[in-house]
Structure formats: structure tokens, C-alpha cells
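Let's take a walk through a protein together. Have the sequence and the 3D view open, and look things up as we go.

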Amino acid sequence: MLKPVTTDIESLKILDERLRWLSAWTIHHANHVRDNQDGLKVGGHQASCASMTSIMAALYFHALGPNDRVAVKPHAGPVLHAIHYLLGTQSREALENFRGFGGVQSYPSRTKDKIPVDFSTGSVGLGVAITAFSSLIQDYLTAHGMMDEADRGRFVALIGDAELDEGNIYEALIEGHKHDVRNLWWIVDYNRQSLDATSADRMFERFDEIFRSCGWRVVELRYGKKLRAALDADPELKSWFEKLPNAELAALHYQGGSAWRSRIEKEVGKPAAAFLKGNDDEALAALFTDLGGHCMDSLVEAFDAAQDDVPTLFIAWTIKGQGLPFAGHKDNHAGLMNPTQMAAWRDAMGVAEGREWEPLESIGANARPGVEALLDRSRIAREKRSRSFGKIEVPAIPAPVGDEQSTQAAFGRIVLEIAKAGGILADRIVTTSPDVTVSTNLGAWVNQRGLFRRSEVADIFAKEKIASAQKWSATNEGQHIELGIAENNLFLMLAAAGLAGDLFGTRLAPIGTLYDPFIARGLDALNYACYQDARFILVATPSGITLGPEGGAHQSINPPLIALGQPGLRHYEPAFADELAAMMELALRLVDDPDGESTYLRLSTRNIRQVERQDDGWRDGALQGAYWLREPDAESEAAIVAMGAVMPEALAAWEELREDIPGLGLLSVTSPDLLHRGWTSAQAARWGGERKPSHVERLLSQLGRNAGLVTIADAAPASLSWLGGVLGQRVAPLGVERFGQTGNLAELYAVYRLDGAAIAEAAAEILLQNG
Ligand SMILES: Cc1ncc(C[n+]2csc(CCOP(=O)(O)OP(=O)(O)O)c2C)c(N)n1
Ligand SMILES: [Mg+2]
């Protein structure tokens with residue numbers, strides 16, 4: 001048998017080249033070889049991939065340990081798949097079907113790709129930040145004895161340089177610093193190009209300052225070994241080189257050796273004469289592309305030197321499109337090589353036509369054993385982890401007692417009771433809030449379970465015996481992770497905590513609270529959490545104009561519409577405490593159910609008289625999205641359809657109108673989201689031959705054929721007005737369409753038409769149309 005004659009560095013360089021080829025070929029195949037039936041652009045990013053194949057080779061085939069997790073720059077997805085292809089964990093068919101139905105996804109996806117993807121990416125910035133929160137969750141789990149120290153890993157984000165403009169990265173940096181976050185490597189592919197052009201020069205000395213001031217180690221990999229040696233020998237040349245603006249540097253990389261020569265002759269002149277003499281054009285081009293992020297020795301050295309747990313930012317200088325004909329061109333972001341260029345590259349590698357997919361094709365007999373051995377030794381997780389489900393027993397959750405309650409207060413009491421009862425559910429719940437813990441009624445839970453911090457933080461007010469209802473000390477046993485006011489961070493924290501089962505083998509039941517209007521602030525991060533199938537409960541309170549005197553800027557209008565269009569998140573909006581208890585019980589189960597999802601509870605601070613229940617008949621309906629709070633007659637001409645905090649107005653109007661409108665019903669809607677889903681899926685099932693009416697169809701068909709609906713919610717009226725489309729019933733929609741303002745409830749409900757008078761008028765209109 002042949003003995004490996006190559007060093008690991010040489011093997012890594014071969015693998016770098018192979019990754020560059022395979023990622024480019026995967027994209028090329030999808031665009032130029034595979035049949036294109038509809039003429040749509042397929043796309044892919046050969047230049048962005050080529051920019052970081054060296055970094056990824058050094059990482060995946062050298063630096064990563066089996067427990068390490070990586071968020072890959074979205075448009076370098078094909079490199080990740082090429083790595084798994086070389087490791088034998090990705091199939092050729094999947095690569096051939098890149099961006100095709102069921103094939104490799106355009107950007108790494110945890111749920112859809114067949115290879116283990118630690119974090120989905122796509123919306124730049126979010127993949128970076130989630131690594132910080134995942135590291136925090138790892139600390140949380142080990143501190144709580146829910147994970148072995150030996151299973152700990154490092155969290156790596158591979159970042160585009162333009163990605164660093166995303167503000168959410170700095171929000172995470174700040175929050176991470178507060179929590180003394182560790183075991184992070186953020187590696188910037190510093191190719192100084194964005195999508196549109198080359199990036200601005202001015203920020204770059206700033207990034208290291210920003211990170212250093214947050215306690216990070218910053219490692220700049222500007223030069224490869226050869227370039228460094230050449231420039232160190234020639235200080236004037238070095239000084240000239242270091243002053244080149246991004247755009248000029250990129251242009252030179254594109255233009256190549258002769259351009260370097262004439263610029264240096266012109267601008268450095270005599271001191272560089274010997275240097276120019278000693279290097280022909282080809283050598284010049286090769287030398288100046290020897291940047292740190294393409295130099296395997298430098299990368300391996302830098303990774304080996306950062307083995308402690310200090311969070312580290314690597315700024316690895318690279319060239320976008322390194323090694324490809326459009327290297328450095330400002331327009332290369334979505335650039336694709338043409339078939340002639342690909343064929344030339346293939347020939348230059350010595351790969352025969354038709355053998356393009358062969359993983360180690362044309363690697364010589366001397367080098368091959370070393371490369372194969374290195375692939376064998378690569379310790380990254382080879383298999384997609386199976387999700388951990390079904391480990392949290394959720395007992396029945398009783399409704400808080402009290403004739404008058406708000407849903408927000410009821411939420412606080414429910415979690416308090418869970419905390420007091422103890423057991424696995426209480427232990428697995430982790431709560432978090434962006435500085436609104438107390439004002440969203442999580443305070444009592446925190447008093448019971450404490451704040452989480454790796455190192456203890458004393459409650460100075462308690463120590464000084466200053467009276468306060470709220471305990472505020474932190475230990476590594478605490479179960480509430482307090483965040484600063486950055487809602488993006490809340491959702492990223494929920495995403496990380498909601499993936500704990502998958503990432504670490506122990507499922508948590510994360511509950512996050514915020515004010516309903518500020519969901520909008522973190523919307524992309526919320527979508528990102530759902531996209532990855534993270535499981536959590538989001539409690540949004542207060543909501544609507546019902547917060548009265550605090551109104552105006554804090555009055556949410558459209559979140560129910562957002563929820564209606566958000567996959568992976570079910571919206572519940574209870575009016576009564578017993579509904580909320582039932583919803584929380586189910587929401588906690590859904591966290592732990594393979595077919596479950598996350599839940600958004602839209603709550604209110606309004607104290608509402610609770611209804612008397614004859615039995616539990618309401619419960620199933622409430623969990624499916626609606627139930628008759630007052631049953632209609634078969635001949636009924638109208639129904640009031642109400643949601644959440646305005647239920648007292650709906651009940652009062654029902655009392656008042658039922659004489660005039662015989663058989664008037666009152667439908668309590670607890671989830672427009674679930675009703676809509678049920679409706680559309682029943683429709684789709686009918687096309688498949690299954691005739692089963694949906695929940696909402698069954699409910700509305702209890703009314704007379706020509707009955708009309710008065711819908712009312714403290715939210716955009718479109719949240720409920722669509723119900724008219726289910727059976728073709730007419731609708732008079734009430735709700736909030738303008739910005740709110742301060743006032744008491746009677747005033748606000750009158751102005752915004754959420755009161756009994758508005759319901760009566762709307763009902764009259766419907767009846768009139770009937771007549
Ligand atoms: C939130 C978000 N906005 C815009 C985009 C579109 N987009 C994809 S890549 C990119 C530029 C990335 O440049 P850089 O981060 O430097 O990566 P490079 O390709 O240069 O490695 C943009 C604007 C996106 N994916 N996500
Ligand atoms: Mg870039």
C-alpha cells in the first residue's frame with residue numbers, strides 16, 4: 001500500500017481546490033446542464049463559494065470537533081454540501097438537483113436538506129447571531145445538569161463581510177457580552193465585496209475595535225505566508241499595498257499580473273524594481289492573491305492558536321471568486337462561468353469530461369492516501385441528528401380562579417403555579433424577555449425560579465433590605481434569561497432555546513414575553529425561528545387599543561394578520577382565563593410534539609368578568625379556533641363573531657339584541673389562524689375526495705342560510721372579516737384601522753367603534769340588507 005507522502009496542509013489545499021470545483025460544478029450543472037423546463041433563472045453564487053473554500057476546508061477537515069456547530073454564510077451553501085459529498089454524507093443525486101424540487105436547497109436548511117445543517121441561513125445576519133444564543137443555551141444546559149460537559153462544543157459563524165452591516169449582529173454582540181458568552185468563532189470572509197459592488201473602506205478598522213471592546217479576541221488574517229514575506233522584504237511596496245482602497249484592490253485582482261506590474265511601476269517605482277524583476281506576471285498575480293483567507297498554513301495556524309473559550313473574530317482577507325475568471329470583479333456576486341470556462345478549468349485539473357462529479361478525480365496516487373486519511377479523520381457530525389421529542393410530561397393546567405381577570409394576569413398566575421408545583425415541566429421551562437419581564441407578569445415566576453447567569457449576581461436591593469416585590473438575583477441555577485430591549489434578540493434566543501432538543505439532546509420549553517406591537521421589531525428573526533422549526537411559546541401583552549391610557553405608540557393593530565400568514569406559529573387570543581389555561585397546556589405539548597409548532601398568545605391587561613361554564617363543551621372548540629359562547633338558532637339571521645378583549649362588549653350587545661334578532665348567536669373566536677388553516681386544508685382535502693367540513697364551516701353552517709356576521713376584534717378588522725368567505729355570508733367588520741391614542745376604554749371603544757353601539761349598528765345594517 002502507498003504511504004501518504006503529502007502533509008495535511010497539502011491535502012487541505014487539494015481539498016480546497018476540490019471544494020471550489022464541486023461547488024462551482026454543482027451550480028453550473030443546475031444552470032447549464034440540467035433541463036430547465038420553465039426558463040426561470042436557477043442561479044447560485046460561484047464567486048461567494050470560491051471566496052471561502054479554503055476557510056471551510058481548514059475548518060471542516062481540520063479544526064472542527066464533533067460537537068461544534070456551524071452557521072454557514074447562506075450563499076456558500078454549495079460548499080457545505082460539497083464537504084458532505086466528500087465525506088460521503090451527501091448524494092450525487094441531491095447535488096445534481098441543486099435548487100430543484102427535493103434537492104439541495106439554495107441556502108442551508110435544517111429542515112429540508114438531507115445533510116446535518118446546524119443552523120438554517122438565508123436572511124443574512126441572523127445565522128451569525130443565533131450562534132451566540134446557542135452558546136448561551138449550551139451554558140444554560142450544562143449549568144442545569146441537562147448536558148454533559150464532554151458534549152460541549154464551539155459555535156462557528158461563517159460571515160460575509162457585507163453581512164457585518166446587519167444591525168442584529170451588534171445587538172447580539174452586546175447581549176452576548178452581558179452574558180459573558182464564550183466558545184464562539186465568527187469568521188469573516190473579508191472579500192470586500194457585497195452584492196452590488198465593492199464595499200466601503202471606512203468601516204474596516206472599526207470592526208475590530210467594536211469587537212475588542214466587547215471582550216472579543218480579534219485575529220486578522222490579512223496575508224498569506226508568501227505575500228507577507230514578499231511585502232515584509234519591501235516596505236515601500238507594503239505601504240503602497242496597504243493603502244489600496246477596496247475597489248482598486250478588487251479591480252487589480254480581476255485584471256491580473258500585468259496590471260499589478262504597471263501600477264507598481266507607476267506608483268512605487270524604483271524601490272520595487274528588483275521585486276518586479278524577480279516575478280513574472282503570473283507570479284505577481286499568484287503572489288497578490290495569497291491573502292490570509294486563502295493561505296492554508298495561516299488558517300490552520302490561526303485556528304490552532306484559538307483553542308480556549310474566548311470568543312474570537314477572525315477577519316480573513318479573501319478574494320471574491322478566487323481562482324475563477326471573474327475573481328475580484330465587482331459584478332461577480334451572481335456571476336456564472338460559461339461552459340467554455342468550466343471546460344477549460346476541468347481540463348486544467350485533468351478531469352475527463354463525464355467524470356466531473358467524481359469526488360477525488362485526478363488526484364494523483366501520491367496525494368490520494370493523505371487526502372483520504374484526512375477525510376476519514378474529519379470529526380464533524382456525519383449524520384443528521386434525530387430530534388429529541390416526547391420527554392416533557394405536561395400535566396393538566398387548571399384555570400386560575402377569580403371572577404374578574406385579565407389574560408395577562410392569568411398568564412402570570414399559571415406560570416407561577418407551574419413553578420411552585422415543580423417537576424419536569426417546571427424544570428424544562430426557560431423564560432426570557434427583552435426588559436419587560438415585570439410588565440408582562442413574568443415577575444412571580446422569576447421570584448420562584450430566579451435569573452440565570454453563569455456567575456452569580458447579587459440582588460443589592462434585597463441585600464440592603466429595601467422593600468421590593470421583585471427578587472432580582474442571578475445564579476447559574478436560574479431559569480429566566482433577562483435580555484436587553486432588543487426584540488431581535490428575544491426571537492433569536494427563542495430560536496436557540498427552541499432548538500435545544502435538536503442541538504443538545506435536551507428539549508426545553510421556552511417562553512418569551514414582549515409587548516404585542518414590538519413583534520414587528522423582530523419579525524424576521526421570528527420568521528427565522530419558525531423556519532427552523534424551533535419550538536417556543538411567545539406571550540405578547542398588552543395588545544390592541546385595550547391598553548387604554550398607555551396607548552398610541554404601544555397599541556398593536558396587525559399582529560393577528562402577521563400570525564395568519566406565519567407558518568409554524570399558531571395564534572391564540574383568549575378572552576377568558578380558562579381558555580388561556582387550556583391553550584398553554586396545549587402549547588407546552590406542541591413544543592414537545594414531533595408534529596407540533598410554536599404558539600403565539602395575544603393577551604390583554606383588561607380585567608374581564610369570567611363566564612360561567614355549564615360544562616367543558618367549549619374547550620375543544622376553543623383549541624380549534626372558535627366556539628359558540630351563545631348558541632344560534634338554525635333560523636338565525638345574524639351572529640356576533642368576537643375575539644379576545646372585546647368579549648364583554650360582544651356579550652352585552654348579544655343581551656341587548658337577542659330580542660330583536662331571534663336566534664342571534666355569539667361566536668367566540670380564539671384563533672383566526674387555526675380557523676383559516678382548517679378551512680383551506682379541508683378544501684384541499686375535498687379536491688382529494690375527502691368530504692369533511694372544517695371546524696369553521698361546521699360552526700357557521702349552524703346559522704340560517706342568509707345570516708350575516710358582525711365581526712369584532714381589537715385588531716385589524718381583516719383578522720376576522722374573511723370569515724364571510726367561508727360560506728358566502730355577508731360581513732360587517734369592526735376593528736381598528738387607524739393608529740391608536742390615549743384614553744379610557746369607553747372613549748376609545750366609542751371612537752374606534754368597538755363598543756355595543758357599533759355592534760348594534762353593524763347588526764342593523766346586516767338585517768337591513770337581509771330585508
Ligand atoms: C437580510 C438579507 N438582505 C439581503 C439579502 C440578499 N443578499 C444575499 S448575499 C448579499 C450580499 C452579501 O455580501 P457578503 O456578505 O459580503 O457576502 P459575499 O458574497 O461577498 O461573500 C445580499 C445583499 C439577504 N440574503 N438577506
Ligand atoms: Mg463580501
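We'll visit a helix, a metal site and a pair of helices. Keep in mind that this is a predicted model.

Start with helix H8, which covers residues 204–213. Which of its residues are buried? They are Phe 204, Phe 207, Asp 208 and Phe 211. An α-helix has 3.6 residues a turn, so residues three or four places apart point the same way. Look down the axis of H8 and you'll find its buried residues within an arc of 90°, so they line one face of the helix. On the face turned away from that buried side sit the exposed residues Glu 205 and Ser 213. And what covers the buried residues? The cover includes helix H7 (167–178) along with strands S3 (184–190), S4 (217–221) and S5 (312–317). Just after H8 comes Gly 215, with a positive phi of about 85°.

Now hop over to the magnesium ion (ligand 2). Its protein donors are Asp 161 (OD), Asn 191 (OD1) and Gln 193 (O), lying 1.9 to 2.1 Å from the ion. Asp 161 is in the loop between strand S2 (155–160) and H7, while Gln 193 is in the loop between S3 and H8, so this pair ties together parts that are 32 residues apart in sequence. Both Asp 161 and Gln 193 are buried.

Last stop: helices H11 (residues 246–255) and H12 (residues 257–267). They pack at an angle of about 130°, their axes 6 Å apart, and are therefore oblique to each other. Among the residues that meet are Leu 249 and Leu 252 from H11, and Ala 259 and Trp 260 from H12. Sorted by class, this contact has four nonpolar, three polar and two charged residues.

Technical notes
Residues are numbered from 1 along each chain as its sequence is written. Chains are lettered from A and ligands numbered from 1 in the order in which they are written. This is a predicted model: local features need pLDDT of at least 70, side-chain atom pairs count only at pLDDT 80 or more; totals for chains, interfaces and linings use all residues. Side-chain values use heavy atoms; hydrogens and water are left out. Buried means under 20% relative accessible area, exposed over 50%, partly exposed in between (1.4 Å probe, protein chains only). Helices (H or I, at least four residues) and strands (E, at least two) are DSSP runs, numbered from the N terminus. The arc is that of the directions from the helix axis to the C-beta atoms. Contact means heavy atoms within 4.5 Å. Donors are N, O and S atoms within 2.8 Å of the metal (3.2 Å for Na, K and Ca); water is not among the atoms, so sites may look incomplete. Axes are lines fitted to C-alpha atoms, for helices over the stretch in contact, and angles run from 0 to 180 degrees between N-to-C directions. Angles under 35 degrees count as roughly parallel, over 145 as roughly antiparallel, 65 to 115 as roughly perpendicular and the rest as oblique. Ala, Val, Leu, Ile, Met, Phe, Trp, Tyr, Cys and Pro count as nonpolar, Asp, Glu, Lys and Arg as charged, and the others, Gly among them, as polar.
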